[in-house]
Amino acid sequence: MMQLGVLGPLDVRVGGRLVTVGRRHARTVLGILLSARGRNVPVDRLVDALWTQRTPAKPTTSLHSYVSNLRGILEPDRPARTPSRILVSSPEGYALRLDDDAVDAWRFEAAVRRARTVSCAEAGPLLDEALGLWRGDAYGGVGARLVGGRGDRAAGRTAAHGT
């Protein structure tokens, strides 16, 4: 079972165990892929986000190294040279294939959507649960500007309250 938290500092748990995504660029790649919610992210977008000033001589090679390391973190028991089932490749880029409940931000969004369809009495506990998922600034340690979010708790409160 995998659980990823982005509603605060990046938190990655594989098999119930906290794992570290050490390098800033690897955390950025993971954050961008998580914010894409399973959609493909083009290599060019990832390269542009990682290197805004001094791009390495072979940026796609460096990116591939970060992706390879992330695959090892996310699927530690995957046999060598077998395709990843979680961080997948396409000719255009990369995507994450995760269950809807694997990411706290996705659970937050689902709870808010559900709360909008039920009575006020039912919505209150759903919204309380959703707000309880927040542990600090969204995508902390990843670079919220890179993942297209405001990255603050106020954004979550605004979404939960519909204002």
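# Chatting through a predicted model

User: Starting with Arg37: does Arg37 count as buried, exposed or partly exposed?
Analyst: Arg37 counts as partly exposed, because its relative accessibility is 31%, and the cut-offs are under 20% for buried and over 50% for exposed. Keep in mind that this is a predicted model.

User: Where does Arg37 lie?
Analyst: Arg37 is in the loop between H1 and strand S4, which covers residues 41-42.

User: And what about the phi of Arg37?
Analyst: Arg37 has a positive phi of about 50°, even though it isn't a glycine. For background, most residues other than glycine have a negative phi.

User: Okay, so what's the phi like at Tyr139?
Analyst: Tyr139 isn't a glycine either, and its phi is positive, about 60°. Tyr139 sits in the loop between H5 and helix H6, residues 153-161.

User: Is Tyr139 buried or exposed?
Analyst: Tyr139 is buried: its relative accessible area is 13%, and buried means under 20%.

User: How far is Asp11 from Tyr139 in sequence and in space?
Analyst: They are 128 residues apart in sequence, yet 9.4 Å apart in space, going C-alpha to C-alpha.

User: Tell me about Asp11 then. Which strand is Asp11 in, and is Asp11 buried or exposed?
Analyst: Asp11 belongs to strand S2, residues 11-14. Asp11 counts as buried because its relative accessibility is 17%.

User: What is Asp11 in contact with, leaving aside neighbours within four places in sequence?
Analyst: With those neighbours left aside, Asp11 is in contact with Gln3, Leu4, Gly5, Leu18 and Arg135.

User: Switching to Arg23: where is Arg23, and is Arg23 buried or exposed?
Analyst: Arg23 is in the loop between strand S3 (17-19) and helix H1 (24-35). Arg23 counts as exposed because its relative accessibility is 59%. There's a separation to note here too: Arg23 and Tyr66 are 43 residues apart in sequence and 8.5 Å apart in space, C-alpha to C-alpha.

User: Let's do helices. How do H2 and H3 pack?
Analyst: Helix H2 (residues 43-50) and helix H3 (residues 59-74) pack at about 90°, with axes 10 Å apart. That makes H2 roughly perpendicular to H3, because angles of 65 to 115 degrees count that way.

User: Which residues in H2 meet which in H3?
Analyst: From H2 you have Val43, Leu46, Val47 and Leu50, and they meet Pro59, Thr60, Leu63 and Tyr66 in H3. By class, this contact has 7 nonpolar, 1 polar and no charged residues.

User: And at what angle do H4 and H5 cross?
Analyst: The axes of H4 (residues 104-115) and H5 (residues 120-132) cross at roughly 165° and come within 9 Å. H4 and H5 are therefore roughly antiparallel to each other, because that label goes to angles over 145 degrees. H4 passes H5 in a left-handed crossing.

User: What residues meet there, between H4 and H5?
Analyst: Phe108, Ala111, Val112, Arg114 and Ala115 of H4 meet Ala123, Leu126, Leu127, Ala130 and Leu131 of H5. The contact of H4 with H5 splits into 9 nonpolar, no polar and 1 charged residues.

User: Zooming out, how many helices and strands does the protein have?
Analyst: It has 6 helices and 6 strands, and along the sequence the pattern reads β-β-β-α-β-α-α-β-β-α-α-α.

User: How many of the 163 residues are buried, as a percentage?
Analyst: Buried residues make up 42% of the 163. The protein exposes about 9300 Å², with carbon and sulfur atoms supplying 50% of that area.

Technical notes: Residues numbered from 1 in each chain as written. Predicted model: local features only at pLDDT ≥ 70, side-chain atom pairs only at ≥ 80, totals over all residues. Heavy atoms only, no water. Axes fitted to C-alpha atoms, helices over the stretch in contact; angles between N-to-C directions. Helix = DSSP H or I, 4+ residues; strand = E, 2+ residues; numbered from the N terminus. Parallel < 35°, antiparallel > 145°, perpendicular 65-115°, else oblique. Left-handed = near helix turned anticlockwise from the far one by under 90°. Contact = heavy atoms within 4.5 Å. Nonpolar A, V, L, I, M, F, W, Y, C, P; charged D, E, K, R; others polar. Buried < 20%, exposed > 50% of the residue type's maximum accessible area, 1.4 Å probe, protein only. Areas by Shrake-Rupley, 256 points an atom, 1.4 Å probe, with all protein chains shown as cover.
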